[in-house]
Each structure stands twice: as structure tokens, then as C-alpha cells.
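Me: I have some questions about the terms used for this model. Please set each value against its definition.

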Amino acid sequence: MKAQLLKLSTPDGPFTILARDGMVLASGWTAGLPELIGQVHPALRPEDVEEVAGLAGISSAVEAFYDGDPAPAMAVPVLQRSGPFRAHAWDVLREVKPGFPVTYSEYAALAGNPKAVRAAASACAFNAAALFVPCHRVIRTDGSLGGFRWGLPIKESLLAREAA
């Protein structure tokens with residue numbers, strides 16, 4: 001299977017997207033493929049990757065996000081694979097309202113298991129499709145940011161952008 005690699009410039013730095021058949025396999029604030037490919041489930045990893053200049057609705061969704069409209073990014077198809085709880089938890093993340101982050105405990109409850117706080121945090125940690133599956137919208141109970149694969153300054157920027 002062949003995938004497309006798109007590198008965009010954003011106010012938060014380079015943002016790279018790995019996609020196949022119009023679906024995001026992985027994305028993040030990096031300028032290269034190596035930091036993304038390890039997050040893609042082995043069964044979904046492409047055999048070949050071609051660099052492209054645009055990805056239709058995916059590119060425009062990133063632009064819309066940075067122009068103040070996060071909704072289009074939530075409509076971009078994403079292809080990730082994992083167990084039932086994590087897959088469901090990723091879907092739930094896409095329903096968290098921009099500008100209103102939830103705690104890991106609240107996220108676990110939204111995902112259907114209030115006691116599964118560690119599993120909810122794990123869903124964030126293993127989310128390959130940053131921005132499109134907005135794990136940046138989950139924070140610690142004390143209000144601190146917690147972790148973020150792409151760095152806390154980017155998480156803080158994303159949350160501030162959505163709060164505006």
C-alpha cells in the first residue's frame with residue numbers, strides 16, 4: 001500500500017501528515033516521517049510513501065484550525081487500529097469541545113469507564129493522529145497540562161488557540 005506525506009508550515013512549527021486513501025494514519029509537529037511511522041499500527045504501515053504538495057480536505061482542515069475553526073479537523077477521516085477501549089476513546093476525543101479541555105478522569109468517564117484513567121491516558125499517549133484526534137484537549141486534574149508527544153509549548157499553544 002502507498003501513502004502520502006505532506007509537510008505544512010504552521011505557527012507551531014512544521015506539521016507533517018501521513019495519509020492513505022484520504023485518511024490520516026499519523027500526524028504531528030515534526031518535519032519528517034521517522035517520528036510518525038512508529039506510531040502507525042504495523043498492519044497499517046505503508047510499503048511506500050510519496051511526498052505530496054497537498055491533501056485536499058486534510059490540508060484545508062489544518063489551515064482552518066489555525067485560522068480559528070477547529071471543526072473541519074474533527075471531520076477528517078482517521079485510520080488507527082488498537083483494542084476496543086482505545087479505539088472508542090479516540091472517537092470520544094473527537095467529541096471534546098474545543099476550548100473546554102477535560103481531565104484524564106473526565107475523559108475516562110466520557111469513554112464509558114470512569115475507573116479506566118490509566119487506559120484513557122494511554123489512549124492519548126498512543127494517538128498517532130495528533131490534531132485530528134485532539135489528545136491535547138486532555139489535562140491533569142490539578143489543571144496542569146500533563147504530557148504531550150509534541151511538547152508542552154505546542155499543547156499550550158493549541159489550547160490557547162481553541163480558548164480564544
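Me: What makes L131 count as buried or exposed?

Reply: This is a predicted model, in which local features need pLDDT of at least 70 and side-chain atom pairs count only at pLDDT 80 or more, while totals for chains, interfaces and linings use all residues. Residues are numbered from 1 along each chain as its sequence is written, and side-chain values use heavy atoms, with hydrogens and water left out. Buried means under 20% relative accessible area, exposed means over 50%, and partly exposed is in between (1.4 Å probe, protein chains only). L131 has 1% relative accessibility, so L131 is buried.

Me: Where is L131, and what is its phi?

Reply: L131 lies in the loop between α6 (117-125) and β6 (138-139). Helices (H or I, at least four residues) and strands (E, at least two) are DSSP runs, numbered from the N terminus. Phi of L131 is near 80 degrees, a positive value in a residue other than glycine.

Me: Why is D21 called exposed?

Reply: D21 has a relative accessible area of 63%, so D21 is exposed. D21 is in the loop between β2 (13-20) and β3 (23-28). Phi of D21 is also positive, near 50 degrees, and D21 is not a glycine.

Me: What is R45 called, and why?

Reply: The relative accessible area of R45 is 33%, so R45 is partly exposed. R45 is in the loop between α1 and β4 (48-51). Leaving aside neighbours within four places in sequence, R45 is in contact (heavy atoms within 4.5 Å) with M1, I37, G38 and V40. A polar atom of the R45 side chain lies 2.9 Å from the backbone oxygen of V40.

Me: How many aromatic pairs are there in the whole structure?

Reply: A search of the whole structure finds 4 aromatic pairs. Rings of Phe, Tyr and Trp (its six-membered ring) pair if their centres lie within 6.5 Å; planes under 30 degrees apart count as stacked, over 60 as edge-to-face and the rest as tilted. One of the pairs is F15 with W29, at 4.7 Å centre to centre and 55 degrees between the planes, which is tilted. F15 is in strand β2 and W29 in the loop between β3 and α1 (34-37), 14 residues apart. Both F15 and W29 are buried.

Me: What makes the pair of F15 and F132 tilted?

Reply: The planes of F15 and F132 are 50 degrees apart and the centres 6.2 Å apart, and the pair is tilted. F15 lies in strand β2 and F132 in the loop between α6 and β6, so the pair ties together parts that are 117 residues apart in sequence. F15 and F132 are both buried. Ring pairs link F15, W29, F132 and F148 into a cluster.

Me: How do the axes of α4 and α6 cross?

Reply: The axes of α4 (residues 84-93) and α6 come within 9 Å and cross at roughly 70 degrees. Axes are lines fitted to C-alpha atoms, for helices over the stretch in contact, and angles run from 0 to 180 degrees between N-to-C directions. The contact is made by F85, R86, A89, W90 and L93 of α4 and A119, A120, S122, A123 and C124 of α6.

Terms used. A polar contact is a pair of N or O atoms within 3.5 Å; within protein, one must be able to donate a hydrogen and the other to accept it, and residues adjacent in sequence count only if both atoms are side-chain atoms.
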